[in-house]
Amino acid sequence: MSYFRVEHYVPARVMEKLDLSYIKEELPKLHSTYVGASEKETELEFLKLCQRLTEYGVHLHHVLPEKRSQTGILLGVCCKGVVIFEVHNGARTPVLRFPWRETKKISFSKKKITLQNISDGIKHAFQTDNSKTCQYLLHLCSSQHKFQLQMRTRQSNQDTQDI
């Protein structure tokens, strides 16, 4: 009955959210599903599962709002745009989204990065720890946005060729 120790396979934050009996039931089932699979097959399945996670591919950075608040703020940069998360009791909740196609302007000045949407035109400013972090975030945003534009252009060219 001591098939495995849960803490060797499941992080503490996951054990806090899920019922321990559920974990002890499900892990052996998962193990039996993948018994005999090669390392490459299991790694591919793991990557497929990771890609379905809501925060897959999001680079998170701690920032402070321009107007001080009691909550922690995370700025997440991903292939679809920038997402602002508020942190309450260790849980991240998305509160603002800046999709690349709707982002009007991203700029920085010293330790402050500013984002502006086309739709509302409101400037949202966030403080970083230092100017190097702010420069890095601007470069990361610019690179992701440029990549997104290139992929859109490539896709539209492909669609044109298909027609």
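In what sense do β2 and strand β3 (residues 81–88) pair, and over how many bridges? The two strands pair in the antiparallel sense over seven bridges, where pairing requires that DSSP finds at least two bridges between two strands.

## Basis of the model

This is a predicted model, in which local features need pLDDT of at least 70 and side-chain atom pairs count only at pLDDT 80 or more, while totals for chains, interfaces and linings use all residues. Residues are numbered from 1 along each chain as its sequence is written, and side-chain values use heavy atoms, with hydrogens and water left out.

## Overall architecture

Four helices and seven strands are present in the chain; helices (H or I, at least four residues) and strands (E, at least two) are DSSP runs, numbered from the N terminus. Their order along the sequence is α-α-α-β-β-β-β-β-β-β-α. The chain is more spread out than a compact globule, because its radius of gyration is 21 Å, well over the 15 Å that the globule rule gives for 163 residues. That radius is taken over C-alpha atoms, and the rule is 2.2 Å times the number of residues to the power 0.38. Along the principal axes, the C-alpha trace spans about 60 × 55 × 30 Å.

## Burial, contacts and surface

Of the 163 residues in the chain, 25% are buried, that is, under 20% relative accessible area, with exposed meaning over 50% and partly exposed in between (1.4 Å probe, protein chains only). Among contacts (heavy atoms within 4.5 Å) with a separation of 6 or more, 29% are between residues 24 or more positions apart.

The chain exposes about 12,500 Å², of which carbon and sulfur atoms supply 53%. Accessible areas come from the Shrake-Rupley method with a 1.4 Å probe; for residues, only the protein chains shown count as cover. The mean positions of the 24 positive and 17 negative charges are 11 Å apart. Lys and Arg count as positive and Asp and Glu as negative, with His and the chain ends not counted; each charge is placed at NZ of Lys, CZ of Arg, CG of Asp or CD of Glu.

Strand β2 (residues 72–78) is largely enclosed by the rest of the structure, because six of its seven residues are buried. Strand β1 (residues 59–65) runs antiparallel to β2 and is joined to it by five bridges; His 59 has Val 77 in β2 as its bridge partner.

Strand β6 (residues 112–117) is mostly covered, with five of its six residues buried. Its antiparallel pairing with strand β5 (residues 103–109) extends over six bridges, and Ile 106 stands opposite Leu 115 in β6. Two residues lie between the strands of the β5 and β6 hairpin, where Lys 110 takes a positive phi near 55°.

Strand β7 (residues 123–127) also pairs with β6 in the antiparallel sense, over five bridges. The hairpin of β6 and β7 has five residues between the strands, and Gly 121 in its turn has a positive phi of about 70°.

## Thr 114

Thr 114 lies in strand β6 and stands opposite Ala 125 in β7. Thr 114 counts as buried because its relative accessibility is 14%. Leaving out residues up to four places away in sequence, Thr 114 touches Lys 105, Ile 106, Ser 107, Lys 123, His 124 and Ala 125.
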